[in-house]
Amino acid sequence: LLELLIATAIFGLVLANVTMVSRTSQEAYRTGAFMGLLEEQAEQTMDRIEMAVMSSEHVDLAPAAPLFASAIDYERSLGVEDGQMIFDDPERIELELGLGEVAWLQNPQTAQERRVVWTRHVPEYMQDEEPNAVDDNGNGLVDESGLSFDMEGKQVSIRLTLRREDSKARVYTRMIEARVTCRN
C-alpha cells in the first residue's frame with residue numbers, strides 16, 4: 001500500500017509538470033503567433049508606403065525634423081508626352097487618428113475620392129513617445145504620431161507603430177522604420 005501511495009504521488013508530480021510545460025508551451029506559441037501577425041501587418045503596410053513614396057515624382061511634405069507629418073501627398077509620373085511630364089491622380093497616405101487607421105486616398109477631398117485602409121491598430125503616439133513636447137524616444141522628433149513622415153532632401157523617413165491587445169488584455173507593440181528616396 002505504501003509503494004502504491006508513493007507511485008501515485010510520483011505519477012501526480014510528473015503529470016503536474018507535464019501539464020505546466022504544456023500550458024507554458026501553448027502560451028509561448030500563442031504569444032509568438034500574435035507577435036508574428038503584428039510583425040507581418042507592420043511590414044506589409046510599410047512595404048506599401050515605401051513603394052508609393054519611392055514611385056512618386058512629387059512629394060508634398062513641408063515639415064522637417066523636429067517636426068513631422070502624419071500624412072503625405074504625392075503624384076506618380078506616368079511618363080512624358082510631347083516633352084511634358086504626365087502625372088497620375090493625386091494620392092495621399094494618412095493616419096486617421098480617431099480610427100487608428102492608415103489609409104491610402106486617390107483624389108483626396110474631391111468627389112472622385114477613393115479610400116483604402118491599409119492597416120488598423122495605429123496608436124495616437126509613436127512607441128515610447130508621450131504627449132509632453134519632448135523627444136521621448138530619442139529619434140529627433142517631438143511627440144510624433146503612430147505614423148510619421150519627415151523629409152530631408154529627397155529622402156523621406158517613415159515610422160509606423162502598431163499596438164494590439166490580445167484576448168488576455170496583454171498589449172503588444174511593434175515599431176518599424178524606413179528611409180526611402182523619391183524619384184524627383
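Predicted model: local features only at pLDDT ≥ 70, side-chain atom pairs only at ≥ 80, totals over all residues.
Residues are numbered from 1 along each chain as its sequence is written, and side-chain values use heavy atoms, with hydrogens and water left out.

Student: Which side chain meets R92 in a salt bridge at 2.6 Å, N to O?

Tutor: R92 lies in strand β4 (residues 91-96) and its partner in strand β2 (residues 71-81), so the pair ties together parts 19 residues apart in sequence. Strands are DSSP runs of E, at least two residues, and helices are runs of H or I, at least four, all numbered from the N terminus. The partner is D73.

Student: Is R92 buried or exposed?

Tutor: Buried means under 20% relative accessible area, exposed over 50%, and partly exposed in between (1.4 Å probe, protein chains only). D73 has 24%, so D73 is partly exposed. R92 has 14% relative accessibility, so R92 counts as buried.

Student: How far apart are the closest N and O atoms of E94 and R92?

Tutor: E94 forms a salt bridge with R92. E94 is buried because its relative accessibility is 13%. The closest N and O atoms are apart by 3.7 Å.

Student: What is the strand order of the open sheet of three strands?

Tutor: The pairing is antiparallel; strands pair if DSSP finds at least two bridges between them. β7 (147-152) and β9 (171-181) are the edge strands, each pairing on one side only. β7 and β8 (residues 155-165) pair over six bridges. The order is β7-β8-β9.

Student: Which side chain of opposite charge is nearest to buried E50?

Tutor: E50 lies in helix α1, and α1 (residues 2-54) packs on the sheet. Beyond its neighbours within four places in sequence, E50 is in contact (heavy atoms within 4.5 Å) with I158, A178 and V180. Lys and Arg count as positive, Asp and Glu as negative; His and the chain ends are not counted. E50 has no salt bridge, and the nearest side chain of opposite charge, 10 Å away, is R179.

How values were computed. Axes fitted to C-alpha atoms, helices over the stretch in contact; angles between N-to-C directions. Salt bridge = Lys/Arg side-chain N within 4 Å of Asp/Glu carboxyl O.
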